[in-house]
Amino acid sequence: MDEFLRRIEAGRRTTNAELRLKGHFLGESPAIQHVEDLLHRYARHDMPVLITGETGSGKEVAARLLHQISPRSSEPFVSVNCAAIPAELLESEIFGHEKGAFTGAQRRHLGYAERAGKGTLFLDEIGDMPLSLQAKMLRLIEEGSFHRVGGEAPVTLCARIVTATHRDLAVRGGATGFREDLYFRLAVLPVEIPPLRQRPEDIDWLMDRFLENAVSRSDTRIRGFSALAEEAALAHPWPGNVRELRNRVERAVALSTSEWIMPCDLFPDRAARTVSASFAPLADVRDAAERRQIERALEETGGQIAKAAGLLAISRTTLWEKMTRFGLVEGPRSGS
């Protein structure tokens, strides 16, 4: 049995390595490996997949990976950003329209749903889709067909639907929120991409991949990152997630004047500070570290102070005092 499991794991790693050579990679941390495992399990099904995660965390990369390892990999992958298309045009862009359907419709237009063929229709930022269009999207999933704008004959949907959002659609019910029935139709196979700050093991690995890609597209001769640059990257909170990391690495390749990328290349916004200003008092460093750890504990426990105090091995009173000092208390709060 041990040998059997070893061979399965070796085969999975080989498959992942081949996909990464094609540019479809997410990372190597345990958290992101769990995501990749989910995608491999989802790939052989045709049910809708909902990918959630913060902006820039890699949701479209995950969707492309899902398509690449699925039986539909030889078919089109059509990506639509629902937030980037004006609401009045989105229906026509997704479903298409017939000639004369509205002013300016001089010929038949095939929408993304039809152009995806038997491949994957990826609807990014689905949470920004207008309510009027959500009803038609629900009908599309339930009936497996749609009508072009101004058309009478139904068109069969052959593509698999994969959606993504940075919003929490499960709590957006109500007249102005996201349709609950549509949410449950889209989230048959859910997967959540953790933010980069929660998987620091991926930072160095992703930096090397982005550096290799950026150098291959330029005439610069950069050997790698300095130890100081790696330390600065690990200490950065990465609010823009993987997208910010890629942009910073590509900018560093363009700006660097040496063979090694330095912290000032990755973070030129900090370069204007004086050397003395770059050294904070130890008390400030300690407070910043404590604040980050408290925020992580509160996030892990869903904001429950007693449980967070247990994780931090301090009393609830001490935790409350530190939260007050660090400005983590928004107002009066009960004991738990």
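**Close-up views of a predicted model**

**View 1. The whole chain.** The chain exposes about 19000 Å², of which carbon and sulfur atoms supply 52% (Shrake-Rupley method, 1.4 Å probe; for residues, only the protein chains shown count as cover). This is a predicted model: local features need pLDDT of at least 70, side-chain atom pairs count only at pLDDT 80 or more, and totals for chains, interfaces and linings use all residues. Residues are numbered from 1 along each chain as its sequence is written, and side-chain values use heavy atoms, without hydrogens and water. The secondary structure comprises 14 helices and nine strands (DSSP runs numbered from the N terminus; helices H or I, at least four residues; strands E, at least two). Of the 336 residues, 40% count as buried (under 20% relative accessible area; exposed is over 50%, partly exposed in between; 1.4 Å probe, protein chains only).

View 2. Ala229, Ala232 and Ala233 are its buried residues. They lie on the same side of α9 because their arc around the axis is only 100° (taken from the directions from the helix axis to the C-beta atoms). Facing away from that side are the exposed Ala227, Leu228, Glu231 and Ala235. The cover over the buried residues of α9 includes α8 (201-216), β8 (224-225), β9 (260-261) and α11 (263-266).

**View 3. Asn241 in helix α10 (residues 241-255).** Asn241 counts as buried because its relative accessibility is 0%. A polar atom of the Asn241 side chain lies 2.9 Å from the backbone nitrogen of Leu196. Beyond neighbours within four places in sequence, Asn241 contacts Glu54, Thr55, Gly56, Ser57, Pro195 and Leu196 (contact: heavy atoms within 4.5 Å).

Conventions
Polar contact = N/O pair within 3.5 Å; in protein donor to acceptor, adjacent residues only side chain to side chain.
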